[in-house]
Amino acid sequence: MTSETEKKEFELTGKHVLAIMVTAFSIIIGVNVFMAYSAIGTFPGLETKNSYVSSQKFDAQKAAQLGLGWNVSAHIEGAQLVLDIKDTSGQPVEVASLYGLFGRATHVKEDQEPEFVQNPDGTYVAQVGTLGAGNWNLRLNAVAQNGTSFQQRIPIYVK
């Protein structure tokens, strides 16, 4: 004896399979579009406008930079970025000009251009404010007194 209150057996039809497939692919495509949008929105951009031209000068610039014999390091003290440039004898170096771009490696939202001032002890300091924890980069461009260009990316970890 069967009653109308008994459960009917579920029948999988073509409409159900279509709905499952459309839902699954919609989720996959939606996640891919979101990830692509996020990747494009956080990409900092090009390092150089023409890599071929830059590569032609690389060896000469590298040799000149190594010839300076500078040892460069940077760290954070409170709200200050401290940059230490020393020569081969361990003496502080006075540069002709100094430019830095300080920010995260993954995006440009927090980038800042610190204004360095040389302390009497030979270190250079700049106010950078309160920083979030994680990896930061200082992209340093300095010019020596003799006109030699010095470029270096200095990773800094903030606790």
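Modeller: Happy to! Let me begin with the side chains of Arg 104 and Glu 110, which meet in a salt bridge at 3.3 Å from N to O; the term stands for a side-chain nitrogen of Lys or Arg within 4 Å of a carboxyl oxygen of Asp or Glu. Before going on, a word on the source: this is a predicted model, where local features need pLDDT of at least 70 and side-chain atom pairs count only at pLDDT 80 or more, while totals for chains, interfaces and linings use all residues. Residues are numbered from 1 along each chain as its sequence is written, and side-chain values use heavy atoms, with hydrogens and water left out.

Arg 104 is buried, with a relative accessible area of 15%, whereas Glu 110 is partly exposed at 32%. Here buried means under 20% relative accessible area, exposed over 50%, and partly exposed in between (1.4 Å probe, protein chains only).

Arg 104 also has a bridge partner in strand 6, namely Trp 136. Strands are DSSP runs of E with at least two residues, helices are runs of H or I with at least four, and both are numbered from the N terminus; two strands pair if DSSP finds at least two bridges between them. Strand 3 and strand 6 run antiparallel and are joined by 8 bridges.

That brings us to the sheet itself, an open one of 3 strands in the order 3-6-7 with antiparallel pairing. Strand 3 (97-104) and strand 7 are its edge strands, each pairing on one side only.

Now for the rings. The whole structure holds 2 aromatic pairs, where rings of Phe, Tyr and Trp (its six-membered ring) pair if their centres lie within 6.5 Å, with planes under 30 degrees apart called stacked, over 60 edge-to-face and the rest tilted. Trp 70 and Phe 150 are a tilted pair, because their planes stand at 45°, with centres 5.0 Å apart. Trp 70 belongs to the loop between helix 2 (51-68) and strand 1 (71-77) and Phe 150 to strand 7, so the pair ties together parts that are 80 residues apart in sequence. Phe 150 is buried at 3% relative accessibility. The rings of Phe 102 and Trp 136 are stacked, with centres 5.2 Å apart and planes at 15°. Phe 102 is buried at 0%, and Trp 136 is buried at 1%.
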